[in-house]
Each structure stands twice: as C-alpha cells, then as structure tokens.
Amino acid sequence: VQTLLQQMQDKFQTMSDQIIGRIVVLNSVELDDMSCRIDDLEKNIADLMTQAGVEELEGESKTPATNKS
C-alpha cells in the first residue's frame, strides 16, 4: 500500500510539474504577443503623428511641424 501511495504521489507531482511548465510557456507566448502588439501600436501612433504634422522632440514635448511651402 505504501509503495502504491508513493507511486501515485510521484505521478501527481510529475503531472503538476508538466501543467506548471505549460502555464509558464503560455504566459511567455502571451507576453511576446503583447510586446509585439505594443510595438505595432507605437509605430501606428508615430505614423499618425507624422501624418498630422506633429514632430516628437526630445522628451515628451510635441509641437506642430512647420510646413515649408
């Protein structure tokens, strides 16, 4: 009986470790996906700012671009 309980505990521990490992991998994939989405969003915002004639200066201050016509 003791051996059977030890085997069951070992199998349970192995399954728990596998589940936790999958959760870590899934979270890593989700974080990578979120990072890519943020990068895309930042690029789109920069493109929109360029189209609107706004230039980003050092830091966070922004001024309208002057049109040279």
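Asp33 and Arg37 both sit in helix H1, four residues apart, or about one turn of the helix. Helices are DSSP runs of H or I with at least four residues, strands are runs of E with at least two, and both are numbered from the N terminus. The model is predicted: local features need pLDDT of at least 70, side-chain atom pairs count only at pLDDT 80 or more, and totals for chains, interfaces and linings use all residues. Residues are numbered from 1 along each chain as its sequence is written, and side-chain values use heavy atoms, with hydrogens and water left out.

The side chains of Asp33 and Arg37 meet in a salt bridge, with 3.4 Å from N to O; the term requires a side-chain nitrogen of Lys or Arg within 4 Å of a carboxyl oxygen of Asp or Glu. An α-helix has 3.6 residues a turn, so residues three or four places apart point the same way. Asp33 is partly exposed at 39% relative accessibility, whereas Arg37 is exposed at 55% (buried is under 20% relative accessible area, exposed over 50%, partly exposed in between, with a 1.4 Å probe and protein chains only).

The structure holds two salt bridges. Lys43 and Asp47 form one of them, their closest N and O atoms being 2.9 Å apart. Lys43 and Asp47 are likewise in helix H1, four residues apart, about one turn of the helix. Asp47 is partly exposed, at 32% relative accessible area.

Helix H1 itself covers residues 2-51, which is 50 residues. From its first C-alpha to its last, H1 reaches 73 Å, close to the 74 Å expected at 1.5 Å a residue. Just after H1, Gly53 takes a positive phi of about 80°.

Val1, Leu4, Leu5 and Met8 form a nonpolar surface patch with about 460 Å² of accessible area together. Members of such a patch have over 30% relative accessible area and no salt bridge, and their nonpolar side chains (Val, Leu, Ile, Met, Phe, Trp, Tyr) are joined within 5 Å.

For the protein chain as a whole, buried residues make up 1% of the 69 residues. The chain exposes about 6,700 Å², of which carbon and sulfur atoms supply 59%.

The average pLDDT, a per-residue score from 0 to 100, is 81 for the protein chain, and 78% of the residues score at least 70. Among the elements, H1 has the highest mean pLDDT (90) and strand S2, residues 62-64, the lowest (51).

Notes:
The expected span of a helix is 1.5 Å times one less than its number of residues. Accessible areas come from the Shrake-Rupley method with a 1.4 Å probe; for residues, only the protein chains shown count as cover. Patches are made of residues with over 30% relative accessible area and no salt bridge: like charges are joined within 9 Å, nonpolar side chains (Val, Leu, Ile, Met, Phe, Trp, Tyr) within 5 Å. pLDDT is the predictor's confidence in each residue, from 0 to 100.
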